[in-house]
Amino acid sequence: MMRLTRLTKGQTSYRKLTAVVLGAAMILVGLSSPASAEPQGFIEDEIGVGFFYGTFGESPNITLLVGGTAGDFCENNPEDPFNAEPGMAPLRVFLRNSGAVDLKVNDKNQPIYLYSTDTDNGPQWITDVCNGDIEPELFASGSADLKVRISVKSESLVDVFNSVNGKATGTDGTEYKVRAYADLLVENGEPVGNPADFVGFKLTEIRR
């Protein structure tokens, strides 16, 4: 069984984050006057959950799915499973005095699934799975706390953070601690910088 104890770089769906960001930007556009931007607590809503994190250059690689199994991703969005959102979480939307909008998620017990893969190309891997070209190799599953913060500074600049922290049990009974995060800026709909610099994934075997 694989033992990953160092911080490894991962991947997540930036197009999906951008879609959420653009939706929040629409709230900004709808604020017709400074008075309407006065703090009124928060608006409660729901948001779809479907995150990818994974190792790069490992043998084998590991892909972490948050929100559902590989099959759930395929069923939720057959045309673009990498951007599927099979899970749901409560969302709070805060309208700030400055006119900015903050979207926050703080949820527990989101399902997580870890797969062994022969590639670090998440979009291609899930596409191959959904097409029936490869059989997904699930080696652990569990649940995690999910935190998401999306701060819409303007229609063109957004600060994005998401993380999961939980535990998973392998098919052979091995237990793991699982942590992953993404912390980035999105400018004009595109992430700023190299994903290897703002995404992390750590899987640690729990010793008895």
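Modeller: Let's start with Lys177, which sits in strand 8, covering residues 175-187. Strands here are DSSP runs of E with at least two residues, numbered from the N terminus. The model is predicted, so local features need pLDDT of at least 70 and side-chain atom pairs pLDDT 80 or more, while totals for chains, interfaces and linings use all residues. Residues are numbered from 1 along each chain as its sequence is written, and side-chain values use heavy atoms, without hydrogens or water.

Lys177 has 49% relative accessibility, so it counts as partly exposed (buried is under 20%, exposed over 50%, partly exposed in between, with a 1.4 Å probe and protein chains only). Together with Lys167, Arg179 and Lys202, Lys177 forms a positive surface patch. Patch residues have over 30% relative accessible area by the Shrake-Rupley method and no salt bridge, with like charges joined within 9 Å and nonpolar side chains within 5 Å. A salt bridge puts a side-chain nitrogen of Lys or Arg within 4 Å of a carboxyl oxygen of Asp or Glu. Lys and Arg count as positive, and their charges are placed at NZ and CZ.

Leu185 also belongs to strand 8.

Strand 8 runs antiparallel to strand 10, joined by seven bridges; pairing needs at least two DSSP bridges. Tyr176 stands opposite Glu205 of strand 10. Strand 10, residues 199-205, is mostly covered, with five of its seven residues buried.

Conventions. Accessible areas come from the Shrake-Rupley method with a 1.4 Å probe; for residues, only the protein chains shown count as cover. Helices (H or I, at least four residues) and strands (E, at least two) are DSSP runs, numbered from the N terminus.
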